[in-house]
Amino acid sequence: MATGSALVLTTQKQSGLAIVRSLGRRGVPVVAGGPSAPTLGMLSRFSDGRYVHPDPEAGAQRFLDDLLAYLDDADHDYVFGPTDWMTSLLAKHRAEVEATGTRPAVEDWETFERVFDKGRLFDHLADVDVPCPETHTPESVDDVASIAPDLSYPVVVKPRSKTYWDDEGRYATYLVDDRNYAGSPAELRDTYRSLLAAEPKLREWPPIVQEYVPGETTTTVVLADDGEVRAHFQERRLRTVPPSGGSSALLGVVDDRRMYRYAERVIGAFDWTGPAQVEFMERPDGEYVLIEVNGRYWGSLPFAINCGVDFPWLHYRQLRGESVRHDGDYRTDVIQRRTRQDLEWLGHQLAERNYRALGPFLADIVRADHTFVSLRDPLPTLWTLGQVPGTLLSAGSGAVDTDEAADERRTRGSAARDGRKNAGEPG
């Protein structure tokens, strides 16, 4: 019997907590899931229960068997998995999950894979009026050698996706760092060869070679229905961690119609349904160049919700068969801090003896909203504050701090030291 209940996985992350809060405060029965207890979502007053499961990273099949057995006994209408690796797993095994009577809140695998695989993504967009970096999909080192003389440099060698499940159910993360950039044909050949040697699994899913695009990372996030954008929000990274480029630490709002039109064309080209993150690099000349599309919820989801676009609630209503649409009006005067990430940013600055960074950091305590703070839901706030000393100290030492931090480190590539980064933000 349909109850409207939702299972939210990966609630050790802020995006999972945001979904729990969004749905729970509207009376939706919500169970928070994660590989250990407690998670941020499990601590939320809006969670009606908890589901602790085997760690998917230790083996996809064991996790899936446990999830399917749980869903057979539980009474959930929907399951959300707001990370890159969990969304891909639910999409790939969507039919098995649906057989339990629970609907995964993800796109079908055929559509999802065309976005998940960056090679297929840019190939599909070749005739769409959206600026894209020149992208090549070589199948071997010999292919790279044949195209290398004709490319403009620098270029970046990128995995087709940041995360990957192989046929044996093993999970891998492929990072983008200094090793991935090349400034000449000879360097490209050496870079490609060394990456394949370091990551043998990449031979099964050969990396792409892409033009390097300088600029600032800007994003349009959407909820779509069969290729039509029903809700959107735009943001810009003001601080990142590591400081040379990476995950967002401080965010500002953007309201740009040209970037929106580009995102609209991208979403329409895939007839996409559900949430998606369309990421651009804004070049110094003001043009937006598409960098990637993530067919899932995004790490800065609380920012959009706090500015007035409640994507999880709209998505939930869409799953129930309602025709939803946001009016496009959202706050543009908000600056939001992803507090743990910004503390890590400060730790990097202090480790480099850049003590002047303390001034703007302290100023932003007053002027910026905080993703995790909720007076109506205090326990996740207190839990996060309890991690502050470890986060600040470990940022300079390289140690792993909280469970959430460790999870994000596994899915966030380190950035090139000179700020070159044609890579997106992890889940």
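1. Two strands are said to pair if DSSP finds at least two bridges between them. By that criterion, in this predicted model, strand β7 (residues 155–158) pairs with β10 in the antiparallel sense, over two bridges. Strands of a sheet pair through backbone hydrogen bonds, either parallel or antiparallel.

2. The protein has 427 residues, of which 59% count as buried, and it contains 17 helices and 18 strands. Among the contacts with a separation of 6 or more, 69% are accounted for by residues 24 or more positions apart.

3. Four strands form an open sheet, in the order β6-β11-β7-β10, with antiparallel pairing. Because β6 (135–136) and β10 (181–182) stand at the edges with a single partner strand each, one side of each is left without a neighbour in the sheet.

4. Within this sheet, β7 is also joined to strand β11 (residues 208–211) by four bridges, and these two strands run antiparallel. V156, for its part, stands opposite Y181 in β10.

5. Which way do the side chains of β7 point? V155 and V157 point one way from the strand, whereas V156 and K158 point the other way, and all of them, the lysine included, are buried. In a regular strand the side chains alternate between the two faces of the sheet.

6. Turning to the helices, two packed helices are described by the angle between their axes and the distance between the axes. Helix α3 (residues 60–73) packs against helix α4 (residues 84–92) at an angle of about 65°, the axes being 12 Å apart; because angles of 65 to 115 degrees count as roughly perpendicular, α3 is roughly perpendicular to α4. The crossing in which α3 passes α4 is right-handed.

7. Which residues make the contact of α3 with α4? On the α3 side they are A60, F63, L64 and L67, and on the α4 side M86, L89 and L90. By class, the residues of this contact are seven nonpolar, with no polar and no charged residues.

8. Helix α4 also meets helix α6 (residues 109–116), their axes coming within 9 Å and crossing at roughly 145°, and here α4 passes α6 in a left-handed crossing. The contact is made by D84, T87, S88, A91 and K92 of α4, together with W109, F112 and F116 of α6. Its residues divide into four nonpolar, two polar and two charged, whereas the contact of α3 with α4 has no polar and no charged residues.

9. Is S36 buried, partly exposed or exposed? Its relative accessibility is 29%, so S36 counts as partly exposed, given that buried means under 20% and exposed over 50%. S36 and P54 are 18 residues apart in sequence, and their C-alpha atoms are 8.3 Å apart in space.

How values were computed. Residues numbered from 1 in each chain as written. Predicted model: local features only at pLDDT ≥ 70, side-chain atom pairs only at ≥ 80, totals over all residues. Heavy atoms only, no water. Axes fitted to C-alpha atoms, helices over the stretch in contact; angles between N-to-C directions. Parallel < 35°, antiparallel > 145°, perpendicular 65-115°, else oblique. Left-handed = near helix turned anticlockwise from the far one by under 90°. Contact = heavy atoms within 4.5 Å. Nonpolar A, V, L, I, M, F, W, Y, C, P; charged D, E, K, R; others polar. Buried < 20%, exposed > 50% of the residue type's maximum accessible area, 1.4 Å probe, protein only.
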